[in-house]
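Hi everyone, thanks for making time this morning. I'd like to walk you through one model, so let me put the sequence and the structure up on the screen.

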Amino acid sequence: MGVADRIIQHADRLTAAERRVAAIMADEPDTVAFGTVALIARKAATSGPTVVRFAVKLGYAGFVELQSDVQRELSLLLGPARERIRQQPPADLLARVAAVEEHNVRRTLSSVPAAQFDAVVARLADPARAVWVLPGDITEPVGCTLAQRLTQLRDGVTLVGGSQVVAARVLARLARGDTLVAIDIRRYESWLVELARWAVGAGAAVIAITDGPLSPLAGLAAETLTMSAEGVGPFDSMTAGIALANALVAGVAARVRTTATPRLDRIEAVWTATGALVSDPTGAVRQPPGPARRLGDGIDGRSRPTDGAGKAASARQ
């Protein structure tokens, strides 16, 4: 069990001072990995014995053992894809992927307390608060899923992407009381963390979707949702993050059903009127216009020859 898992497991038992130590671990894992008890105590505005008690409460023999675990976890964050690509892949790759992804989803969704889930959903569903979704490069699928589906349920949702300059320009419209959903995992993009920090200073509430309380985003967030991103290959998995986004959207939909229903009806009506989708709401498949339609005019659905070669072939039959 990693340090982050231990903090999550014992979070309810931590005192206020011990929570400040946990916050130092989230904001400055390098300090914990290579600093002294006295340095961490000073940064957390507490005492050395409190830091030691914090380590013991997490199940370690003492601070040295906790520090060793943090150092080990930090070492795994350095070039993980570069290191993992050198590992021998499992013999039954599909079975291994299935097992890991199931574990990711179960661990992610089961780690969210019901009260916290309701609090996050309430913020995302509040029409008085604009929602800004800020994913990192690797977590972009999670951010796109969350933002694209929320925009179908309510106004005031913006997906923030592009370079740091573009993202900062978009977020310049953020107002006090808005909600920023910051999504990133190890190794954490520094510009994203800095924009989240700026948003807090601007009066926004940050909801972090990240990989644990050691994430620098967790130290900035009003609410932190933890996603498991273990990958079988060289890259981290976004499957559980997308499942978490789907769960949040489902929660928002339940809250805004009265206003979202006519909104979805209008969206569907426009799609139908403009032929935007291949199948209509009844499930019937539209025949595409133009040459593709003519090629499919045969009774059995196969193309019917219409050129000279086709006539010659018919004559020979």
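Let me start with a question: at what angle do α10 and α13 pack, and how far apart are their axes? The angle is about 15°, and the axes are 8 Å apart. That makes α10 roughly parallel to α13, because angles under 35 degrees count that way. The crossing of this pair is right-handed. If you zoom in on the contact, α10 brings Pro141, Val142, Thr145, Leu146, Arg149, Leu150 and Leu153. On the α13 side they meet Gly241, Ile242, Ala245, Asn246, Leu248, Val249, Val252 and Ala253.

Before I go further, please keep in mind that this is a predicted model. The average pLDDT over the chain is 86, and 85% of the residues reach at least 70. The stretch I'd ask you to treat with care is 294-317, where pLDDT stays under 50. For those residues the model has eight contacts beyond four places in sequence. Where pLDDT is low, the predicted coordinates should not be read in detail.

Now for the overall picture. The chain has 317 residues, and 41% of them count as buried. Its secondary structure comes to 16 helices and five strands. If we take contacts between residues at least 6 apart in sequence, 70% of them join residues at least 24 apart.

One is α8, residues 93-110, which packs against α13 at an angle of about 40° with the axes 8 Å apart. These two helices are therefore oblique to each other, and their crossing is right-handed.

The α9 residues involved are Phe117, Asp118, Val120, Val121, Ala122, Leu124 and Ala125, and they touch Ala247, Leu248, Gly251, Val252 and Arg255 of α13.

Some of these names come back in the largest nonpolar core. Which of its 29 residues touch the most other members? They are Leu124, Leu146, Val181, Ile209, Leu248 and Val252.

Let's click on leucine 124 for a moment. Beyond its neighbours within four places in sequence, leucine 124 contacts Val131, Arg154, Thr179, Val181, Ile207, Leu248 and Val252.

Next, methionine 238, in the loop between β5 and α13. Is methionine 238 buried or exposed? Its relative accessibility is 10%, and because the limit for buried is under 20%, methionine 238 counts as buried. Leaving out residues up to four places away in sequence, methionine 238 touches Ile138, Thr139, Pro141, Val142, Ile185, Met227 and Ala229. Pro141 and Val142 are also among the α10 residues that meet α13. From methionine 238 to serine 228, 10 residues away in sequence, the C-alpha distance is 8.4 Å.

Finally, some backbone details. Most residues other than glycine have a negative phi, and most peptide bonds are trans. In the loop between β3 and α12, where arginine 187 sits, the peptide bond from arginine 186 to arginine 187 is cis, with omega near 15°. Tyrosine 188 lies in that loop too, and has a positive phi of about 65° although it is not a glycine. Alanine 45 also has a positive phi, near 55°. You'll find alanine 45 in the loop between α4 and α5, and at 59% relative accessibility it counts as exposed.

One more residue to look up is serine 163, in the loop between β2 and α11. With a relative accessibility of 39%, serine 163 counts as partly exposed. Its C-alpha is 10.0 Å from that of leucine 192, which is 29 residues away along the chain.

Methods
Residues are numbered from 1 along each chain as its sequence is written. This is a predicted model: local features need pLDDT of at least 70, side-chain atom pairs count only at pLDDT 80 or more; totals for chains, interfaces and linings use all residues. Side-chain values use heavy atoms; hydrogens and water are left out. pLDDT is the predictor's confidence in each residue, from 0 to 100. Contact means heavy atoms within 4.5 Å. A nonpolar core is a set of buried Ala, Val, Leu, Ile, Met, Phe, Trp, Tyr and Cys residues joined through side-chain atoms within 4.5 Å. Buried means under 20% relative accessible area, exposed over 50%, partly exposed in between (1.4 Å probe, protein chains only). Axes are lines fitted to C-alpha atoms, for helices over the stretch in contact, and angles run from 0 to 180 degrees between N-to-C directions. Helices (H or I, at least four residues) and strands (E, at least two) are DSSP runs, numbered from the N terminus. Angles under 35 degrees count as roughly parallel, over 145 as roughly antiparallel, 65 to 115 as roughly perpendicular and the rest as oblique. A crossing is left-handed if the near helix is turned anticlockwise from the far one by less than a right angle, and right-handed if clockwise.
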